[in-house]
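Please keep the model open beside the text while going through the points.

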Amino acid sequence: MATIKVPDFKSLFRPGILSVNPYSPGRPIEEVQRELGLADIIKLASNEDPQGPHQGVVNAITKAAQDINRYPDGSCYLLTQKLAEHLNVDPSTILLGNGSNELLNMIVRGLISPGENMVFARPSFVVYDLAAAVHFECGRAIPLDKNDKHDLVAMAKAVDAKTKLLMICNPNNPTGTYNSQQEVEALLQSIPSRVIVVLDEAYFEYAFADDYPNGISLLQKYPNLVVTRTFSKIYALAGLRVGYAVGHPELITQLQKTREPFNVNTLAQSAAITALSLPHVVKERCMRNKQQGIWLQEQLIRLGFEVVPSQANFLFVRHKMPAGLMCDKLLKMGVIIRPMNSFGLGDGALRITIGLAHENQKCVLALESILV
Ligand SMILES: Cc1ncc(COP(=O)(O)O)c(C=O)c1O
């Protein structure tokens, strides 16, 4: 039999791809259950909302499931109309995506040509790093400031003639810090309008600070701004994958060309439409998150953690115990949190998603048994 020649796959890929560290998600509950034989596990690792979707949303998904032999509405007509009403914007300014993650990738791929660059903060949402690495290694990462916030002045200074995109994660994942309206506007005023600024507001609905900006209200004044948000967090639809971008109609028209024809599935569209009709649910979840966040923060400080004030549904903390060791110990007690070594943040950095009261209590009890 002739020998089968396997290509040298590595040599076929662009150099940028070989250097990429693949995205490493929080460990799924089922995987940890299988591995450790534990029945009761809580996951505070992926910044999901700890409550499942509202029953009305589940009913809408069940109803929509009858039609999944058909392709989805590729234009997301009804969802776009509903969102336009909800956000008080024109439907032509909205683009739906298979999670906001897809939209971020579309923006990078659609706009950046070889030799051009994208400015973003580090540590911030790892997808910016990944998107840049696989797309001509176009990333220009600027460290956070000493308060773990985006250093928007340094980011503006990093903009040059070849900069096409600048990403602001507000509030920032993983630190939970935010930039005020004044800071964001100062940045927008200090850079050329040919630079597209992406304001990633995945955690917008959890934020409560008075000077936290609503990116959508800035769009009229700054046509080079595009805002991304998601149904994965407070709307509790992470498993369905639906997010949106809002920006100038011409920008959205061009971006539309880069999406898959049926990028948002039927169940996701129905669920998101229904979720938008339940604003009280969002309010309740925001309140719950704020209260639980205050409680968790107090407990963590009591246990010797340095806690960074957060506007999101997670807390970024530091401790002298190495993060990997602490996470392993917690895992054995059925609590999954996220070590932040992958963000290049040194040994003791961790991110803990704010859960329901009983989950936060279990996490604190487990930490007490390790630390006290
Ligand atoms: C800052 C930020 N942006 C975007 C996303 C992507 O969200 P999704 O693709 O689920 O809409 C996440 C998810 O964790 C995030 O933390």
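1. Into which domains is the chain divided? There is domain 1 (25-52 + 280-371) and there is domain 2 (55-278), with bounds that come from an automatic or database domain assignment. This is a predicted model, in which local features need pLDDT of at least 70 and side-chain atom pairs count only at pLDDT 80 or more, while totals for chains, interfaces and linings use all residues. Residues are numbered from 1 along each chain as its sequence is written.

2. The C-alpha centres of domain 1 and domain 2 lie 25 Å apart. Contact here means that the C-beta atoms of two residues, placed from the backbone, lie within 7 Å, and 25 residues of domain 1 are in contact with 22 residues of domain 2. On the domain 1 side, α12 (279-302) and β10 (314-318) each supply at least two of the touching residues, and the largest share, seven residues, comes from α12. Helices (H or I, at least four residues) and strands (E, at least two) are DSSP runs, numbered from the N terminus.

3. Four strands form an open antiparallel sheet in the order β9-β10-β13-β12, where two strands pair if DSSP finds at least two bridges between them. Because β9 (306-308) and β12 (338-339) stand at the edges with a single partner strand each, one side of each is left without a neighbour in the sheet. Five bridges join β10 to β13 (residues 349-353), and Val317 has Leu350 in β13 as its bridge partner.

4. β2 pairs with strand β8 (residues 243-246) in the antiparallel sense over four bridges, and Leu96 stands opposite Tyr244 in β8.

5. Just after α3, Gly37 takes a positive phi of about 65 degrees.

6. Finally, 13 residues surround the ligand, and the closest are Gly99, Asn101, Ala202, Thr230 and Ser232; a residue is near a molecule if its C-beta atom, placed from the backbone, lies within 6 Å of it.
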